[in-house]
Amino acid sequence: MAAQPILIDTHAHIYEDRILAEIGTYISRASENKVGMIMMPNIDLSSIDKMLFIEDQYPTTKSMMGLHPCHVFDDFKTVLSEMEEWFGKRNFVGVGETGIDLYWDKSFVEQQMAAFDIQIAWARSQRLPVIIHSRESIDMCIEMVSERQDGSLTGVFHCFTGDEIQAKQIKDLGFYIGIGGVVTYKNSELPKVLIDNGLSNVVLETDSPYLPPVPHRGKLNEPAFIPYVVEKLGEVFQLEKEQIEALTTKNASQLFNL
Ligand SMILES: [Zn+2]
């Protein structure tokens, strides 16, 4: 019998305390909704133990290693060298999340760029995809990647909310775009951009516990909500749910070399 198509949540911070407290329930609810794999991007030094604890308990979860741009401060070099040692200790499926965030705080932008540069170099040396956070900084992130793309880099612009031109630049770089709850929001421009872009480099994500899809706005987002994103993409592309599932899972498997 053919295996059930599984969905992959390529970006979920399920080690955050609110979810971690009942992690077993969240993982089973994900499985009941066909989400058979959950990728966890790291945030900072304090999230590592919680993330690895989950990965050790639940074989459907996978860890990544990196420093989130909103957690880059003056000590980032020390933090990064501590993180880098982890690559010698166990396997990770990606580097991140890294990138640049100009929404919350612009005072550490130089440090964010330097930390992003170092993590792109890790992605190259570890042969892993790089998970990019590009809030209010998408052109900067595209530029930094394109200056460093020698054909060996791949990765994902997570929570992509750019326009058609940016989507094309990302695709031309050989990178993927992560699509989540935002595509279900009423005034989102994303459906239009996605129709232009196509599905060939689209992967699914929740960014849980943030950005829940309609009809769960205002609640905690969780991997089990991925099917709402699938349903919306089905409407946007006029495709069956099963086709969206198969395509996005194939893309995620390619991106993460599963
Ligand atoms: Zn994130």
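In what order do the five strands of the open sheet with parallel pairing stand? The order is 4-5-6-7-8. The model is predicted, and local features are reported only at a pLDDT of at least 70, side-chain atom pairs count only at pLDDT 80 or more, and totals for chains, interfaces and linings use all residues. Residue numbers start from 1 along each chain as its sequence is written.

Helices (H or I, at least four residues) and strands (E, at least two) are DSSP runs, numbered from the N terminus. Two strands are taken to pair if DSSP finds at least two bridges between them. Axes here are lines fitted to C-alpha atoms, for helices over the stretch in contact, and angles run from 0 to 180 degrees between N-to-C directions. Within this sheet, strand 6 (residues 155-158) and strand 7 (residues 176-179) run parallel and are joined by two bridges. V156 has Y176 of strand 7 as its bridge partner. Helix 5 packs on the sheet, where it touches strand 4, strand 5 (130-133) and strand 6, and its direction makes about 150° with that of strand 4. Contact between two residues requires that their C-beta atoms, placed from the backbone, lie within 7 Å.

A further open sheet consists of three strands in the order 1-2-3, with parallel pairing. Strand 1 and strand 3 stand at its edges with a single partner strand each, so one side of each is left without a neighbour in the sheet. The twist in this sheet averages 20° from one strand to the next. Strand 1 (residues 7-9) and strand 2 run parallel and are joined by three bridges, with D9 opposite I38 in strand 2. Three bridges also pair strand 2 with strand 3 (residues 61-63) in the parallel sense. Across this pairing, I38 stands opposite T61, and M39 stands opposite K62. Strand 2 (residues 35-40) is mostly covered, five of its six residues being buried. Burial is assigned by counting other C-beta atoms, placed from the backbone, within 10 Å of a residue's own: 20 or more for buried, 12 or fewer for exposed, and partly exposed in between.

Two helix pairs were examined. Helix 4 (residues 76-85) and helix 5 (residues 109-126) pack at an angle of about 20°, and their axes are 11 Å apart. This angle makes helix 4 roughly parallel to helix 5. Angles under 35 degrees count as roughly parallel, over 145 as roughly antiparallel, 65 to 115 as roughly perpendicular and the rest as oblique. The crossing of helix 4 past helix 5 is right-handed; a crossing is right-handed if the near helix is turned clockwise from the far one by less than a right angle, and left-handed if anticlockwise. F76, L80 and E84 of helix 4 make the contact with Q111, A115, I118 and W122 of helix 5. These residues comprise five nonpolar, one polar and one charged. In this classification Ala, Val, Leu, Ile, Met, Phe, Trp, Tyr, Cys and Pro count as nonpolar, Asp, Glu, Lys and Arg as charged, and the others, Gly among them, as polar.

The axes of helix 9 (residues 226-237) and helix 10 (residues 241-255) come within 8 Å and cross at roughly 110°. Helix 9 and helix 10 are therefore roughly perpendicular to each other, and their crossing is right-handed. On the helix 9 side V230, E231, L233 and G234 take part, meeting K241, I244 and E245 of helix 10. By class, this contact has three nonpolar, one polar and three charged residues.

Most residues other than glycine have a negative phi, and most peptide bonds are trans. C159, which is not a glycine, has a positive phi of about 50°. C159 lies in the loop between strand 6 and helix 7 (164-172) and counts as buried, with 22 C-beta neighbours inside 10 Å. Q238, also not a glycine, has a positive phi of about 55°. Q238 is placed in the loop between helix 9 and helix 10 and is exposed, with 8 other C-beta atoms within 10 Å. Cis peptide bonds join S208 to P209, with omega about 10°, and V214 to P215, with omega near 10°.
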